[in-house]
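Please look over the sequence and the model below. The briefing that follows goes from the whole chain to single residues.

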Amino acid sequence: MDPRRATNLAPAPLTFRLRATGRTLTSSTDHVGMIHGCVDVIMLLMAFLTFSAARQAGPFDRRLTAAGYPRTPLLLAKVTSLTSAAALVALYITVWTLAVWSPRHPGFLWLGLFTACLLYGALGLVLALFLPGELEGMVVIFVSSNLDLLPQSPLVNPDPHGFLGALLPMYGSMQTCLAAALAPTTPLRPVAASLTWTGALTLIALLVFWLRTRERQLCDAFTLGSIR
């Protein structure tokens with residue numbers, strides 16, 4: 001498979017500034033477009049996957065906790081599932097990338113894709129707790145992913161300025177993937193930024209889940225006491 005066909009971009013030189021290091025890099029547009037496409041795909045895939053799974057599992061989880069099942073194993077199971085799915089999806093995309101192209105640091109490319117999977121997987125969990133239906137979730141995920149990714153892409157913004165870009169959720173993952181694929185060195189600070197966003201979103205999702213199942217337990221206990 002020709003990477004130029006995969007990205008639908010004619011191979012032309014593109015000079016851009018890697019914000020994480022401040023270095024100016026020159027690469028082919030089809031290689032940069034491949035990184036952009038890989039990150040875009042896994043953002044949408046993981047967000048839709050976790051959003052749909054969380055919505056389907058929500059009523060069953062509430063029934064389990066209402067019946068007295070401890071919430072800690074449920075929370076650990078969700079974190080384990082998210083981490084495992086993120087690792088497998090990132091590995092799958094990395095392997096296919098290696099089949100058509102040779103990035104400089106494949107291990108760090110997997111790491112950047114893994115953090116992107118974790119981040120948007122956690123976002124899907126959060127949205128499932130607050131949005132009423134799947135249509136709303138699809139719209140919010142699609143719009144937020146584009147607003148997040150496009151300012152990070154060298155195809156759209158080859159010379160980024162200002163401080164707002166570094167505050168976007170996808171900043172760390174995109175910088176890690178670009179550095180892993182195209183730069184001679186790979187900074188670790190963007191990885192920490194991605195993990196911070198992921199930790200914050202995961203904490204919100206788990207806290208809301210804990211509170212909602214607690215409210216359900218208290219409500220059922222009150223109802224049972226009234227019947228008695």
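In the protein chain, 73% of the contacts with a separation of 6 or more are between residues 24 or more positions apart; contact means heavy atoms within 4.5 Å. The structure is a predicted model, in which local features need pLDDT of at least 70 and side-chain atom pairs count only at pLDDT 80 or more, while totals for chains, interfaces and linings use all residues. Residues are numbered from 1 along each chain as its sequence is written, and side-chain values use heavy atoms, with hydrogens and water left out.

**Overall layout**

- The protein chain has seven helices and two strands; helices (H or I, at least four residues) and strands (E, at least two) are DSSP runs, numbered from the N terminus.
- Read from the N terminus on, the order of elements is α-β-β-α-α-α-α-α-α.
- Of the 228 residues in the protein chain, 43% are buried. Buried stands for under 20% relative accessible area, exposed for over 50%, and partly exposed for values in between (1.4 Å probe, protein chains only).

**The two strands**

- Strand E1 covers residues 13–18 and strand E2 residues 23–28; E1 and E2 pair in the antiparallel sense over six bridges. Two strands count as paired if DSSP finds at least two bridges between them.
- Phenylalanine 16 has leucine 25 in E2 as its bridge partner.
- E1 and E2 form a hairpin with four residues between them, and glycine 22 in the turn has a positive phi of about 80°.
- The covered face of E1 holds Leu14, Phe16 and Leu18, whereas Pro13, Thr15 and Arg17 are on the uncovered face.

**Helix H2**

- Helix H2 (residues 29–66) has 38 residues and should span 56 Å at 1.5 Å a residue, which agrees with the 54 Å between its end C-alpha atoms. The expected span is 1.5 Å times one less than the number of residues.
- H2 has a kink of about 40° at glycine 58, shortly before proline 59. The bend at a residue is the angle between axes fitted to the seven residues ending there and the seven starting there.
- Just after H2, glycine 68 takes a positive phi of about 105°.

**The nonpolar core**

- The largest nonpolar core has 51 residues, and those with the most contacts inside it are Ile35, Val39, Leu113, Met170 and Leu182. Such a core is a set of buried Ala, Val, Leu, Ile, Met, Phe, Trp, Tyr and Cys residues joined through side-chain atoms within 4.5 Å.
- At least two residues of this core come from each of E1, H2, H3 (71–100), H4 (106–130), H5 (134–149), H6 (171–182) and H7 (189–227).
- H4 gives the most to this core, with 15 residues.
- Not counting residues up to four places away in sequence, valine 39 touches Leu113, Leu149, Met170, Met174 and Cys177.

**The salt bridge**

- The count comes to one salt bridge, defined as a side-chain nitrogen of Lys or Arg within 4 Å of a carboxyl oxygen of Asp or Glu.
- Aspartate 159 forms a salt bridge with arginine 17, with the closest N and O atoms 3.1 Å apart.
- Aspartate 159 lies in the loop between H5 and H6 and arginine 17 in E1, so the pair ties together parts that are 142 residues apart in sequence.
- Aspartate 159 is partly exposed at 39% relative accessibility, and arginine 17 is partly exposed at 25%.

**Leucine 168**

- Leucine 168 is in the loop between H5 and H6 and is partly exposed, with a relative accessible area of 24%.
- Leaving aside neighbours within four places in sequence, leucine 168 is in contact with Leu147, Asp148, Pro151, Gln152 and Trp197.
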